[in-house]
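Subject: Structure handover

Hello,

Here is the structure I promised to send over. Please open it alongside this note.

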Amino acid sequence: MPAILEARDVEKAYRMGEVLVSALRGVTLEIEQGEFVAIFGPSGSGKSTLLHVLGGLDRPDKGSVHIDGVNLSTLSDAKLAEVRLNKIGFVFQFFNLLPRLTALRNVELPLTLADISEEESVRKATEMLELVGLKERVSHRPTELSGGEQQRVAIARALINDPKIVLADEPTGNLDTTTGWEIVRLMKRLNEEKGQTFVVVTHDQGVAETADRMIHLKDGLVHGVKKGSGGMQS
Amino acid sequence: MRWKSVLAMAWESMKQRRFRTSLTTLGVVIGITAIIGLASLGEGFRVIIRDEMQQGFELNVLTVMSGGLLTGVPSPFTDDDVGNISQMPGVVIATSIIQKSVGKLYNDGKNSTPLVLLAVNFTEFVQIYPDRLAVEHGIWPESVSNDTSVMGYNVEHLSEDETFANLGDNVTVALSFTSSLRGRYYENRTFNVAGTLGKSGAAGFINFDDALLIPINTARTLYNTTNSDMIFVRLADPSYSDSVAKAIEDRFGGGGEVRVLVPAAFMEQVETILNMVQIFLTAIASIALLVAGLGIMNIMTVSVMERTREIGIMKAIGAKSRTVLTMFLAEAALIGLLGGVIGVPFGYGLAQIMGQFLFRFGAEATPRRSLITGTETHPLTVVTPVLTLQWAVGAIVFAIGVSVIFGWYPARKAAKLDPVEALRYE
């Protein structure tokens, strides 16, 4: 399997008030196409920072990130935005939907940014909402949806541009256990049925166990990698 | 991102904040209302003044007089000069005039006081002022004998119900002569009244109402000359003024030997002054729009802060900084457009109301004699505002421009937000 995402010796520090915090201290990892990978670790281990750097939202201080063979550090801000638009899908802990837009318009947004015609983006977004099980909720606004439903909309939005990789930051972190597992199940299903590559950041060991591979992050370093169960506990 | 989508999103976001958008737009509406109000009143004034000027100055008529070394030389212009000027491009007709001062005019115990004796070629002269010279009684003489004359309105009408002479009367006038032997002296001559003029007013510096018109050949015999004092030139269009005036000056050596009165040039000066006044008024009104611009800047800065997270989301899913900038500028532009489109009719309405009220105080005044035309005019009671397409479109474009300029700073702030920090913003 070819590596779809590759990080080499990634270092990243950020300033908190007067103090410089080293969030990442030389992370190297590879994600292969079609994999479902969990990045697992306690809070403060640098998981979210790593995810931002992997997704081109943030730039590393040192080291390099390649997505689909492209070195992100050589790209301008505008080109980086294009990579995020076309090759990456983000799913966040707090869903991050635009509150004034309907579910359909939220899912359509990346297509609008990519200049896809309105007709086609409505068709694709409707299909995608159907795929995540929200056929009946297309014209609801985020405030009219439950947490689980909002996260499904966010997943539909992440998938709409056929990204190479979906990066999910604590996708179950703001949901109750049952709903959280539904979301994990949905992502696993999309991984199996569509071969969609997922990288899921979580501090929940149970969620991490379902992955093909678990990357254990601690104090900004990869502490170990082990195989996950690859399947769901019931 | 397509323009349509950008505008649609901007519109959506404005609708979301309806109250705030309305207040911000109101600022622009007030600014544009002030600008258009003053501008259309100004245009209304311009129309009135232009009309009055055009009545007073026959823009198509140039007057050629002696100047420079020729000043004081009697009758410097030959018929050749007139013939030559007639051939110039843009000239319809040129005609010779002899102008003399006169003493009293007598008829059967009554007397009247013309201010000026104009000796003209009647056939040609009426073509110089085809619209101005209207005969009240009698005829405009086409074929003349030596003693044919036409009287101006004030010469004939001594008072409201008393006239000086009837048609066919022989009236006696004291003509003034100068000779080296006798100095200045008067001699009586008799003329037959062929017609009288209605109120004709003044053109340039000659008031036809106070004139006695006689044939030029008679004057030439009386004053022993074959020349003339002045040449009146009618142009096909006022736009020929400069070229014809230049050609005439060149013919006489170009050294100031002749003076050519160009009424169009005077009109231009008046137009320039009107323009300056209007620019000044509009500039003052524009301050209101600038204040509205500050309002937009203020509201948008708040809006960018409130929407920080939203901007972070947009950037995370792949919006470029430029796209974010465009989205915010589109909102500013829409506010400007909306304010402009509403403000233009409001401003025109305001001008209508002001036009009615501001000048009502003049309504009680008695008719006055216009300084320019010498005729009685009615006092300025109402100014009809004039809204030109240029002003309307210009004001809307200005509103959009001001909005975009003031929206630039907050829009730029939004575009420059760091996506990670924006996403973290609560």
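Start with helix H2 (residues 77–87) of chain A. Its buried residues are Leu80(A), Ala81(A), Arg84(A), Leu85(A) and Lys87(A). Here, buried means that 20 or more other C-beta atoms lie within 10 Å of the residue's own, with C-beta atoms placed from the backbone. The cover over these residues includes strand S4 (62–67), strand S6 (88–91) and helix H3 (103–113) of chain A. Helix H9 (308–316) of chain B is also part of that cover.

Some ground rules. This is a predicted model: local features need pLDDT of at least 70, side-chain atom pairs count only at pLDDT 80 or more, and totals for chains, interfaces and linings use all residues. Residues are numbered from 1 along each chain as its sequence is written, while chains are lettered from A and ligands numbered from 1 in the order in which they are written. Helices (H or I, at least four residues) and strands (E, at least two) are DSSP runs, numbered from the N terminus.

Chain A overall

Chain A has seven helices and ten strands. Its radius of gyration is 17 Å, close to the 17 Å that the globule rule gives for 234 residues, so chain A is as compact as a globular protein of that length. That radius is taken over C-alpha atoms, and the rule is 2.2 Å times the number of residues to the power 0.38. The C-alpha trace spans about 45 × 45 × 40 Å along its principal axes. Of the 234 residues, 48% count as buried. Among contacts between residues at least 6 apart in sequence, 68% join residues at least 24 apart. A contact means C-beta atoms, placed from the backbone, within 7 Å.

The sheet in chain A

Six strands form an open sheet in the order S6-S7-S8-S3-S9-S10 (chain A), with mixed pairing. Strands pair if DSSP finds at least two bridges between them. S6 and strand S10 (221–227) of chain A are the edge strands, each pairing on one side only. On average, neighbouring strands of this sheet are turned by 20° against each other, direction ignored. Strand S9 (residues 213–218) of chain A pairs with S10(A) in the antiparallel sense over six bridges. In S10(A), Val225(A) is the bridge partner of Ile215(A). Helix H5 (residues 147–159) of chain A lies across S6 and strand S7 (165–169) of chain A, at about 170° to S6(A). Angles run from 0 to 180 degrees between N-to-C directions, with axes fitted to C-alpha atoms, for helices over the stretch in contact.

Where the chains meet

20 residues of chain B are in contact with 19 residues of chain A. On the chain B side, helix H1 (3–16), H9, helix H10 (321–358) and helix H12 (419–424) each give two or more residues. That side divides into eight nonpolar, six polar and six charged residues. Ala, Val, Leu, Ile, Met, Phe, Trp, Tyr, Cys and Pro count as nonpolar, Asp, Glu, Lys and Arg as charged, and the others, Gly among them, as polar.

Strands in chain B

Strand S10 (residues 170–179) and S11 of chain B pair in the antiparallel sense over ten bridges. S10(B) and S11(B) form a hairpin with three residues between them. Ser176(B) stands opposite Tyr186(B) in S11(B). Strand S7 (residues 148–151) of chain B runs parallel to strand S11 (residues 183–197) of chain B, joined by four bridges.

Best wishes

Note on methods: A residue is buried if 20 or more other C-beta atoms lie within 10 Å of its own, exposed if 12 or fewer, and partly exposed in between; C-beta atoms are placed from the backbone. Two residues are in contact if their C-beta atoms, placed from the backbone, lie within 7 Å.
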